Amino acid sequence: MTVEEYNKTVDLYADNLYRFILKNIKDVEKARDIVQDTYEKMWLKVNEVESKNAKSYMFTTAYHTMIDRIRRDKKQGDLSEVNMYSLSHTSQYNDLKKVLDEALAKLPEIQRAVILLRDYEGYNYSEIGEITGLNESQVKVYIFRARGFLKNYIGAVENVI
């Protein structure tokens, strides 16, 4: 990849990458750091990365950097220890975006990541597998479980609107 291609890649994908990381970790400064680290890592391997694979390389690197940061900052909780009924949303609410963000925040890291990559960024299952290091069937299972949780958490659309 040339310097011009690298700069074009930064211009094209920086916002999408930042949005993906921010949706996952909900911390503006950490998201900026992770995006910056991602571009630094790509710059160090600029001769090895082809421009057509740059987007996939960036999202993969950012995802792994984010996971490393999360693991370093806190211990992972186990969703099986949580009472699922305490996570359900039963009252009426008018701010759908806030409800969706709250529901996404309650998902385990890997499920939140695959849902965001699939439904927000539009990647297909094999691309998500490459980014996360999972095989395609694992990606499908995580997406299925995450959507089931979101459906139970949010409930009927009438309760939200």
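1. Basis. The model is predicted, and local features need pLDDT of at least 70, side-chain atom pairs count only at pLDDT 80 or more, and totals for chains, interfaces and linings use all residues. Residues are numbered from 1 along each chain as its sequence is written, and side-chain values use heavy atoms, with hydrogens and water left out.

2. Overall make-up. The chain has eight helices and zero strands, where helices (H or I, at least four residues) and strands (E, at least two) are DSSP runs numbered from the N terminus. Of its 161 residues, 37% count as buried; buried means under 20% relative accessible area, exposed over 50%, and partly exposed in between, with a 1.4 Å probe and protein chains only. Among contacts between residues at least 6 apart in sequence, 69% join residues at least 24 apart, a contact being heavy atoms within 4.5 Å.

3. Helix α3. The expected span of a helix is 1.5 Å times one less than its number of residues, so the 20 residues of α3 (residues 54-73) should span 28 Å, which agrees with end C-alpha atoms that are 28 Å apart. The buried residues of α3 include Met 58, Phe 59, Ala 62, Tyr 63, Met 66 and Ile 70. The buried residues of α3 pack against α1 (3-25), α2 (28-44), α5 (109-120) and α6 (125-132).

4. Contact of α1 with α3. The axes of these two helices come within 10 Å and cross at roughly 30°, the axes being lines fitted to C-alpha atoms, for helices over the stretch in contact, with angles from 0 to 180 degrees between N-to-C directions. That makes α1 roughly parallel to α3, since angles under 35 degrees count as roughly parallel, over 145 as roughly antiparallel, 65 to 115 as roughly perpendicular and the rest as oblique. The crossing of α1 and α3 is right-handed, meaning that the near helix is turned clockwise from the far one by less than a right angle. By class, this contact has twelve nonpolar, three polar and one charged residues, where Ala, Val, Leu, Ile, Met, Phe, Trp, Tyr, Cys and Pro count as nonpolar, Asp, Glu, Lys and Arg as charged, and the others, Gly among them, as polar.

5. Contact of α1 with α2. Here the axes come within 9 Å and cross at roughly 150°, which makes α1 roughly antiparallel to α2, and this crossing is right-handed. Among the residues that make the contact are Tyr 13, Leu 17 and Ile 21 of α1 and Val 35, Tyr 39 and Trp 43 of α2. The contact of α1 with α2 divides into 17 nonpolar, two polar and two charged residues.

6. Lys 30. This residue lies in helix α2 and, at 29% relative accessibility, counts as partly exposed. Not counting residues up to four places away in sequence, Lys 30 touches Ile 25, Arg 69 and Asp 73. The C-alpha atoms of Lys 30 and Met 66, which are 36 residues apart along the chain, are separated by 8.7 Å.

7. Helix α4 and Gln 111. In α4 (residues 96-105) the buried residues are Val 99, Asp 101, Ala 103 and Leu 104, and they pack against α1, α5 and α7 (136-154). Gln 111, in helix α5, is buried with a relative accessible area of 9%, and Gln 111 touches Tyr 142, Arg 145 and Ala 146, not counting residues up to four places away in sequence.
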